[in-house]
Amino acid sequence: MKIINDKLLDDLSVRAADSSRKRVHYNLHADLDEKIHRLCAAIEPGSYIRPHRHLNPEEKWELMIILRGKIKALIFDNNGKVLETMVLTPGCGASSVEIAANEWHTFVSLEPGSVIFEIKSGPYIRPPEMDFASWAPEEGSSETERMIERFINAEKGDCLGGLQ
């Protein structure tokens, strides 16, 4: 039996804060070939998740449920225009969001200790470069801090395509 409790969430948050990417995963699925993936993801402020989509397989959706903290979800068009934003907080307003296959999206942590539970179709297939937004900086780029700030402040209708 795998249990998600406060100790696990605390441990994940500490590990995420100490990691260079400011995020870590705890998989409940046994291996990457399973048809349904279930995992906890601790995402700390400063973590950059490059906007991406899931084309392969076509039906690759994602369901995110906030367990702790505050996370902002963003959906974009092909050019980086913000189509939707949603702040996820447990027990207050929206607590989950489902991302459809082929939607450009990202998440940004708005407070320390943020953890989401994610359910998505498997198996894991390493995304090709075309599944990452060409208008957003690559992870590790010197421009990511500025883009994170833009994610935090973005509202529907803003264009984040490229740094301005």
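This is a predicted model: local features need pLDDT of at least 70, side-chain atom pairs count only at pLDDT 80 or more; totals for chains, interfaces and linings use all residues.
Residues are numbered from 1 along each chain as its sequence is written, and side-chain values use heavy atoms, with hydrogens and water left out.

Q: What is the strand order in the open sheet?
A: The sheet has five strands in the order β1-β2-β8-β3-β6, with antiparallel pairing. Strands here are DSSP runs of E with at least two residues, helices are runs of H or I with at least four, and both are numbered from the N terminus. Two strands pair if DSSP finds at least two bridges between them.

Q: And which ones are the edge strands?
A: They are β1 (23-27) and β6 (96-99), each of which pairs on one side only. From one strand to the next the twist averages 25°, where axes are lines fitted to C-alpha atoms (for helices over the stretch in contact) and angles run from 0 to 180 degrees between N-to-C directions.

Q: How many bridges hold β2 and β8 in their pairing?
A: Seven bridges join β2 and β8 in the antiparallel sense, and within that pairing Arg-38 stands opposite Ile-119 in β8. On its other pairing, β8 runs antiparallel to β3 over six bridges, with Val-115 of β8 as the bridge partner of Arg-68.

Q: Is β8 mostly covered or open?
A: β8 is mostly covered, since six of its seven residues are buried, a word that means under 20% relative accessible area, while exposed means over 50% and partly exposed lies in between (1.4 Å probe, protein chains only).

Q: Which strands does helix α1 touch?
A: Helix α1 (residues 6-18) packs on the sheet and touches β1, β2, β3 (62-68) and β8 (115-121), its direction making about 145° with that of β1. Contact means heavy atoms within 4.5 Å.

Q: Which residues of α1 are buried?
A: They are Leu-8, Leu-9, Leu-12, Ser-13 and Ala-16. Seen down the axis of α1, these buried residues fall within an arc of 130°, so they line one face of the helix; the arc is that of the directions from the helix axis to the C-beta atoms. The face turned away from that buried side carries the exposed residues Asp-6, Lys-7, Val-14 and Asp-18.

Q: New topic: where is His-52?
A: His-52 lies in the loop between β2 and β3, and it counts as buried because its relative accessibility is 14%. The backbone oxygen of Arg-50 lies 2.9 Å from a polar atom of the His-52 side chain. Such a polar contact is a pair of N or O atoms within 3.5 Å; within protein, one must be able to donate a hydrogen and the other to accept it, and residues adjacent in sequence count only if both atoms are side-chain atoms.

Q: What else is His-52 in contact with?
A: Leaving aside neighbours within four places in sequence, His-52 is in contact with Glu-62, Glu-103, Trp-104, His-105, Asp-131 and Phe-132.

Q: Which peptide bond is cis?
A: The bond from Gly-122 to Pro-123 is cis, with omega near -5°, and Pro-123 lies in the loop between β8 and α2 (144-153).

Q: What is phi of Lys-22?
A: Phi of Lys-22 is near 60°, a positive value in a residue other than glycine. Lys-22 is found in the loop between α1 and β1, and is partly exposed, with a relative accessible area of 28%.
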